[in-house]
Amino acid sequence: MTPEREHQLKLDAIKVREGILTSTHGAKSGHPGGSLSAADLFTYLYDEVLNANPADPLNEDRDRFVLSKGHVTPGYYSALALKGFFPFEDLKNFRHSDSYLQGHPNMNSVPGVDMSTGSLGQGCSVACGMAKGAKMLGKDFAVYTLLGDGEIEEGQIWEAAMFAGHYKLDNLCMIVDVNGLQIDGRCADVMDARPIDKKYEAFGANVIVVDGHSFPELEKAFAFFNSNRASGKPTVIIMNTLKGKGVSYMEDVCGWHGKGPNADEYALGMAELAAARAALEAEGVQA
């Protein structure tokens, strides 16, 4: 990854985080914490990875993305908007009664959304079906799905992992956002799923563990997936992240799993992101 590209990705990730705050503030609700932990992943996916064209969103040869942890739409929608699937300014109408941008993704109303999700555990199974369908049809597109480390407490996740391994779905990339928190507290206290990597390996997956806030690490992770596209095994990217990343008062705080910032909190968060952008721009590109 060139310094210039990493610099632009960092700037784009700040824009995604601004969209997360704008949408959850406008709705007075939503899920900012897990959206912020996945903001760098969303940015990298839509800037660098997915074969997805806003001008042709239903192209049958496009890559598919399934948001299995379906409540983190503030981050998902921000990345879609930044990619050009719909106007960024529409984020301020998030979860309003007359808005097409509701709290969980709707494939029938939101351009760029490949699957309606919400009930935790189910999205990964759908992604497996998409990947299996691509194999049956002789299609070369890849299927990506994002899971949460709280979500993987669901038994259906492990049924999907068994399915993916059995059917040799090497066109499937499962990404687990390990931010350590869920709505009821720390994942390790509610239902400790560790060691996550060893579990997925036991189900027949290729596994890589990376820093989910490092763009060079994310580049390495998706290169690992592409290098294993003929391995007969699905890929799992386990990315270690910080819930609420980028907004100081939200970082590693369970209470920001599912509530929107008030006016003062919104202003503080946006000011922090503006300062981060200014620092990046002043720093320039470091060779």
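Student: What makes V113 a residue that M107 touches?
Tutor: Contact means heavy atoms within 4.5 Å. Leaving out residues up to four places away in sequence, M107 meets that cut-off with V113, D114, M115 and S116. Bear in mind that this is a predicted model, where local features need pLDDT of at least 70, side-chain atom pairs count only at pLDDT 80 or more, and totals for chains, interfaces and linings use all residues. Numbering runs from 1 along each chain as its sequence is written, and side-chain values use heavy atoms, with hydrogens and water left out.

Student: Why is M107 called partly exposed?
Tutor: Buried means under 20% relative accessible area, exposed over 50%, and partly exposed in between (1.4 Å probe, protein chains only). M107 has 39%, so it counts as partly exposed. As for its place, M107 sits in the loop between α4 (73-83) and α5 (122-137); helices (H or I, at least four residues) and strands (E, at least two) are DSSP runs, numbered from the N terminus.

Student: How do you know that C128 is in no disulfide?
Tutor: A disulfide here is a pair of cysteine sulfur atoms within 2.5 Å. The whole structure has zero of them. For C128, the nearest cysteine sulfur belongs to C124 and is 4.6 Å away. C128 has 1% relative accessibility, so it counts as buried.

Student: What makes the largest nonpolar core a core?
Tutor: The term stands for a set of buried Ala, Val, Leu, Ile, Met, Phe, Trp, Tyr and Cys residues joined through side-chain atoms within 4.5 Å. The largest one has 41 residues, and F65, Y144 and F222 have the most contacts inside it. Helix α3 gives the most, with six residues. Apart from this core lies another, of 28 residues, including M130 and I238.

Student: How do you know that the buried residues of α9 are on the same side?
Tutor: Those residues are F215, L218, A221, F222 and F225. Among the elements they pack against are α1 (3-27), α3 (39-49) and β2 (143-148).
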